[in-house]
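Try each task yourself before reading its solution.

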Amino acid sequence: MTRQAFMARLMEGLRGLPPMAQADIIADYNNHFNEGAAAGRSEADVAAALGDPSRLARELRAEAGLRRWEAERSASAGASAVFAVLGLGAIDILILLPILMGVGSAIFGIGVAVLAVFFAGGVVFAAGPFMGLPGGVTATMLAGVGLMAGAASGGAVLAIVTTGLVNALVWYGRLHYRLLTPALEPQVHGAL
């Protein structure tokens, strides 16, 4: 594979990353080719030593997604990290995707239930005293506040569990990446 073909496939795989990150990665891999040329190696030898550019791009995207999650801890960063880790390999997708779909559906369902309970508590709090429910005005208002507080607590626990699950997936992605790195390093560093 020529330098131009390698870099084109790498750039295609990096599409969607921030421009500065792309530029840094491209500069780094251009340096590998420059160093290889200075050592008298052909472009094909350097490209073979670096490995499949599509696979490299997936690993680099996964690493960027994991770093974004560690820095931001937002819903979009979490989703980005999840999809970046899943993008590392087809086997992982076949194993993790059904599990993640089930867990994601359960989290979504619990989230909807928490919101429903919260709004129901608001209705009981606001309209309960006028509906003549048993227990009187105070009991009705306290029941509404209790429902809203319980829902808020459930939402907080759900957020903690979701964050923990995303952290576990990030850990898995890092472990996966570390397991791949030793296999790649002797080829890359030993050959360059």
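This is a predicted model: local features need pLDDT of at least 70, side-chain atom pairs count only at pLDDT 80 or more; totals for chains, interfaces and linings use all residues.

**Exercise 1. Work out how the rings of F6 and F33 are arranged, and what parts of the chain they tie together.**

Step 1: Start with the count. There are three aromatic pairs.

Step 2: Look at F6 and F33. Their ring centres are 5.4 Å apart and their planes stand at 65°. Planes over 60 degrees apart count as edge-to-face, so that's the label for this pair.

Step 3: F6 belongs to helix 1 (residues 3-14) and F33 to helix 2 (residues 19-38), so the pair ties together parts that are 27 residues apart in sequence.

Step 4: Ask how accessible they are. F6 is buried, at 0% relative accessibility. F33 is buried too, with a relative accessible area of 2%.

Step 5: Widen the view. Ring pairs link F6, Y29 and F33 into a cluster.

**Exercise 2. Classify the ring pair of F118 and F119, then decide for each residue: buried, partly exposed or exposed?**

Step 1: Take the geometry. The centres of the F118 and F119 rings lie 6.0 Å apart, with the planes at 80°, so this pair is edge-to-face.

Step 2: Take F118. Its relative accessible area is 34%, so F118 is partly exposed.

Step 3: Take F119. Here the relative accessible area is 55%, and exposed means over 50%. F119 is therefore exposed.

**Exercise 3. Find the salt bridges and say where their residues lie.**

Step 1: Recall the idea. Side chains of opposite charge can pair when their charged atoms come close.

Step 2: Count them. The structure holds two salt bridges.

Step 3: Take R9 and D52. Their side chains meet in a salt bridge at 2.5 Å, N to O. This pair links distant parts of the chain, 43 residues apart: R9 is in helix 1, while D52 is in the loop between helix 3 (43-50) and helix 4 (53-72). R9 is partly exposed, at 35% relative accessible area, and D52 is partly exposed at 35% as well.

Step 4: Take R15 and E12. These side chains form a salt bridge at 2.2 Å, N to O. R15 is exposed, with a relative accessible area of 54%, whereas E12 is partly exposed at 47%.

**Exercise 4. Which elements have the lowest and the highest mean pLDDT?**

Step 1: Get the overall picture. The protein chain averages a pLDDT of 80, and 82% of the residues score at least 70.

Step 2: Compare the elements. Helix 5 (residues 75-86) has the lowest mean pLDDT, 70, and helix 1 the highest, 88.

Step 3: The pLDDT is below 50 over residues 179-192. Beyond near neighbours in sequence, that stretch has 15 contacts in the model.

Note on methods. Residues are numbered from 1 along each chain as its sequence is written. Side-chain values use heavy atoms; hydrogens and water are left out. Rings of Phe, Tyr and Trp (its six-membered ring) pair if their centres lie within 6.5 Å; planes under 30 degrees apart count as stacked, over 60 as edge-to-face and the rest as tilted. Helices (H or I, at least four residues) and strands (E, at least two) are DSSP runs, numbered from the N terminus. Buried means under 20% relative accessible area, exposed over 50%, partly exposed in between (1.4 Å probe, protein chains only). A salt bridge is a side-chain nitrogen of Lys or Arg within 4 Å of a carboxyl oxygen of Asp or Glu. pLDDT is the predictor's confidence in each residue, from 0 to 100. Contact means heavy atoms within 4.5 Å.
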